[in-house]
Amino acid sequence: MGARARLRGAVDRLEPPPRAVDWSLFAFVVAEAITGLVSFTVGVPEGWPLFWLHRALGVGIVALLAWKLARVRQRLTDPGLWRRSTALSVLTLVAALGALATGIAWVFGLDVRLSYWTLLSVHVGFGLALVPLVGAHAATRFRLPRRVDFERRRTAVRYTVLLAAGAAMYRLQQGINDALDTAGSDRRFTGSQPRAGAGNGAFPITSWVADDPDPIDRDDYRLRVDGLVSAPVDLTAADLAADHEAELLLDCTSGWYTVQEWGGIRVGDLLEAAGGTATENADREPAYVRFTSVTGYRWSLPLDEARGALLATHVGGERLSHGHGAPARLVAPDRRGFQWVKWVTRVEVRSEYDLGQWVVTLVSGFD
Ligand SMILES: Nc1nc2c(c(=O)[nH]1)N[C@H]1C(S)=C(S)[C@@H](COP(=O)(O)O)O[C@H]1N2
Ligand SMILES: [Mo]
């Protein structure tokens, strides 16, 4: 038997039974959506396995989809076999191919932009659309998985090999990027690509969804520091002494990062200016600091972490521009860009975690 025939044999043995392919596709897509979304909240290097899992699952989907298409090809190409549900199947296939193509192109460092969307944002769009589509597609031809489809030992071997092959492919791909020196070669572990230079002009102005406030007049600006503090205060722009500098990395989930010298006031000092945190009330312990933008956009950090964060007024030695959040924006080390609230007008010490922030960051800026 030749090498090619042997490889074919090995690939054939890897192929799960049809029903298992279908259910695996469903499970892989859901796992991709979860790992993808959770990865958006990860900014520390220890989070790397999550990004690798996402990539390996993606390669796994390519294999599963190939097996699936080989099986159902006729149903798509023969008009006599078309059903109502075929349209949904095709739509699902388009979303899957879209998510895979944009993901793969992104990994290779391609950075075409569709209006202000990066390829990565388009990838996220396809991915999120895919979840309900795959769900609906599965519902039109629902068949419960059977025990024989997932015979234990073979299943474990199959999926281990599939994911390991996925990770190996990604590793190989990194080598290709390095050899060709593409824009993909100096990505961070998050997949983000660098934006070099210093100051306001060096990196893009990014709003997560719809935030686009009018410039804030420095003379009218007030920063309210309140909540569980001893002496709530309103500070002016001039009160925000830029007496702290730190070189920190901003990593946006739309796929770029930049290292800048940020200048501003430490949030710990800000809280001291409001008399420090108040602890007299035993059932309302200060535990979080919430940063709210003039647009309503907001994010909270645990108190100890918040003390070490910066309320920045400067970047790269320049006063912060409007687009980057003037007069003051949060600079939160090791947090992803979307948590670095711009145009902060309120800093509030709270006892409770703010679940609503997840929704607010999506809808702030809409009237
Ligand atoms: N108020 C507000 N702050 C915000 C955003 C926003 O939409 N509204 N976008 C966030 C996102 S997604 C990122 S990546 C950073 C980008 O900061 P920059 O525009 O200075 O590059 O700001 C964050 N702060
Ligand atoms: Mo972002």
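Trainee: Why are helix 4 and helix 5 called roughly antiparallel to each other?

Mentor: This is a predicted model, and the values are computed from it. The axes of helix 4 and helix 5 (residues 119–140) cross at roughly 150 degrees. Angles over 145 degrees count as roughly antiparallel, and the two helices are therefore roughly antiparallel to each other. Their axes come within 8 Å. Helix 4 passes helix 5 in a left-handed crossing, and the residues of this contact divide into 16 nonpolar, 10 polar and no charged.

Trainee: What makes helix 3 roughly antiparallel to helix 4?

Mentor: The axes of helix 3 (residues 48–77) and helix 4 (residues 84–107) cross at roughly 150 degrees and come within 12 Å. With 145 degrees as the limit for roughly antiparallel, that angle makes helix 3 roughly antiparallel to helix 4. The crossing of helix 3 past helix 4 is left-handed. On the helix 3 side, the contact is made by Gly58, Ile61, Val62, Leu65, Leu69, Arg75 and Leu76. Helix 4 contributes Thr86, Val90, Leu93, Ala96, Leu97 and Leu100.

Trainee: How do you know which classes of residue make the contact of helix 3 with helix 4?

Mentor: By class, that contact has 10 nonpolar, 2 polar and 1 charged residues. Arg counts as charged and Gly as polar, and both Arg75 and Gly58 are among the contact residues of helix 3.

Trainee: Why is helix 2 called oblique to helix 6?

Mentor: The axes of helix 2 (residues 18–39) and helix 6 (residues 152–180) cross at roughly 50 degrees and come within 13 Å. That makes helix 2 oblique to helix 6, because roughly parallel needs an angle under 35 degrees and roughly perpendicular needs 65 to 115. Helix 2 passes helix 6 in a right-handed crossing. Ala20, Ser24 and Phe28 in helix 2 meet Tyr159, Leu162 and Leu163 in helix 6. The residues of this contact divide into 5 nonpolar, 1 polar and no charged.

Trainee: How do you know that an oxygen atom of ligand 1 makes a polar contact with Thr206?

Mentor: The oxygen atom is 2.8 Å from a polar backbone atom of Thr206, and the cut-off for a pair of N or O atoms is 3.5 Å. An oxygen atom of ligand 1 is also 2.9 Å from an N or O atom in the side chain of Arg329. A nitrogen atom of ligand 1 lies 3.0 Å from a backbone N or O atom of Trp340. In total, 22 residues surround ligand 1, and the closest are Pro204, Thr206, Asp211, His324 and Lys342.

Trainee: What is the peptide bond from Ala326 to Pro327, cis or trans?

Mentor: The bond from Ala326 to Pro327 is cis, with omega near 0 degrees. Most peptide bonds are trans. Pro327 lies in the loop between strand 11 (318–319) and strand 12 (329–331).

Trainee: Where do Asp334 and Trp343 lie?

Mentor: Asp334 is in the loop between strand 12 and strand 13 (344–350). Trp343 likewise lies in the loop between strand 12 and strand 13.

Technical notes:
Residues are numbered from 1 along each chain as its sequence is written. Chains are lettered from A and ligands numbered from 1 in the order in which they are written. This is a predicted model: local features need pLDDT of at least 70, side-chain atom pairs count only at pLDDT 80 or more; totals for chains, interfaces and linings use all residues. Side-chain values use heavy atoms; hydrogens and water are left out. Axes are lines fitted to C-alpha atoms, for helices over the stretch in contact, and angles run from 0 to 180 degrees between N-to-C directions. Helices (H or I, at least four residues) and strands (E, at least two) are DSSP runs, numbered from the N terminus. A crossing is left-handed if the near helix is turned anticlockwise from the far one by less than a right angle, and right-handed if clockwise. Contact means heavy atoms within 4.5 Å. A residue is near a molecule or strand if one of its heavy atoms lies within 4 Å of it. A polar contact is a pair of N or O atoms within 3.5 Å; within protein, one must be able to donate a hydrogen and the other to accept it, and residues adjacent in sequence count only if both atoms are side-chain atoms.
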